[in-house]
Amino acid sequence: MMLFAAVTLLAFFALAPLAIVPLALAGYSMAPTSAVATASLPAASGDWGYPLAGDYFKGRGYGYNPVNGCSYCSTDHEGYDMAQGCGSTIYAAGPGTVITAGEFYGWGNTVRVDHGGGLVSLYGHMQWESLRVSVGDPVTAGSPLGSEGNTGRSFGCHLHYEVQRDGIAIDPEPFMTALGLPLK
């Protein structure tokens, strides 16, 4: 009986690398999940960060920006469009409380965060069923909100990032630059 146990144990250790190597080649990691999650967070400066982690494509900026071929798209764009691809995670840019989580006018599936002092950030066009927050939830920079999508009055998968002060949209580029987070 002892010989059988020793042979079984020896066979396990001899074959274990054969099971682990294919998993590693397939992209599975044996690293702790906290180390993996930290590596994919967006860059931050103080209490604020980018709403996407890593590089992104810039779409329409703030101001007069008509979209050729889109009759329902506003020519006076009040946000900043950025894209990594459908399903990319969208993060809260700053600390606050979620005041909208769901369908919201022309932005489709949207999250809005109240940062206090009349400042609100809006994350529009997210995929349906992707929201990870609810109204009333506290968030910080880097809190996952949902996934990039093509809902509402959208023309392809992207994030519509908007900053509002006292209910009026302001240009996100100088706002983020002042926080040490320049947008491209």
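What follows is a chat about a few labels and the values behind them.

Modeller: Quick ground rules: this is a predicted model, where local features need pLDDT of at least 70, side-chain atom pairs count only at pLDDT 80 or more, and totals for chains, interfaces and linings use all residues. Residues are numbered from 1 along each chain as its sequence is written, and side-chain values use heavy atoms, with hydrogens and water left out.

Colleague: Why is the pair of W48 and F175 called edge-to-face?
Modeller: The centres of W48 and F175 are 5.5 Å apart, within the 6.5 Å limit, and the planes make 80 degrees, which is over 60, so the pair is edge-to-face. W48 sits in strand β2 (residues 48-49) and F175 in helix α3 (residues 172-178), so the pair ties together parts 127 residues apart in sequence. Those helices (H or I, at least four residues) and strands (E, at least two) are DSSP runs, numbered from the N terminus.

Colleague: How do you know whether W48 and F175 are buried or exposed?
Modeller: Buried means under 20% relative accessible area, exposed over 50%, and partly exposed in between (1.4 Å probe, protein chains only). W48 has 12% and F175 has 13%, so both count as buried.

Colleague: Which residues touch the most other members of the largest nonpolar core?
Modeller: M82, V111, Y123, L145 and Y161 do, in a core of 25 residues. A nonpolar core here is a set of buried Ala, Val, Leu, Ile, Met, Phe, Trp, Tyr and Cys residues joined through side-chain atoms within 4.5 Å. β6 (80-83), β9, β10, β13 and α3 each supply at least two of its residues.

Colleague: How do you know that β8 and β9 pair?
Modeller: Two strands pair if DSSP finds at least two bridges between them, and β8 and β9 have six, so they pair; they run antiparallel. E103 stands opposite N109 in β9. β8 also has two bridges to strand β11 (residues 138-139), again antiparallel, with V139 in β11 as the bridge partner of G96.

Colleague: What stands out about Y105 in the loop between β8 (96-103) and β9 (109-116)?
Modeller: Y105 has a positive phi of about 45 degrees although it is not a glycine. The hairpin of β8 and β9 has five residues between the strands. Y105 is exposed, because its 67% is over 50%. F104, Y105 and W107 also form one aromatic cluster.

Colleague: Where is H125, and is it buried or exposed?
Modeller: H125 is in strand β10, and at 4% it counts as buried. Its phi is near 75 degrees, a positive value in a residue other than glycine.

How values were computed. Phe/Tyr/Trp six-rings, centres within 6.5 Å; stacked < 30°, edge-to-face > 60°.
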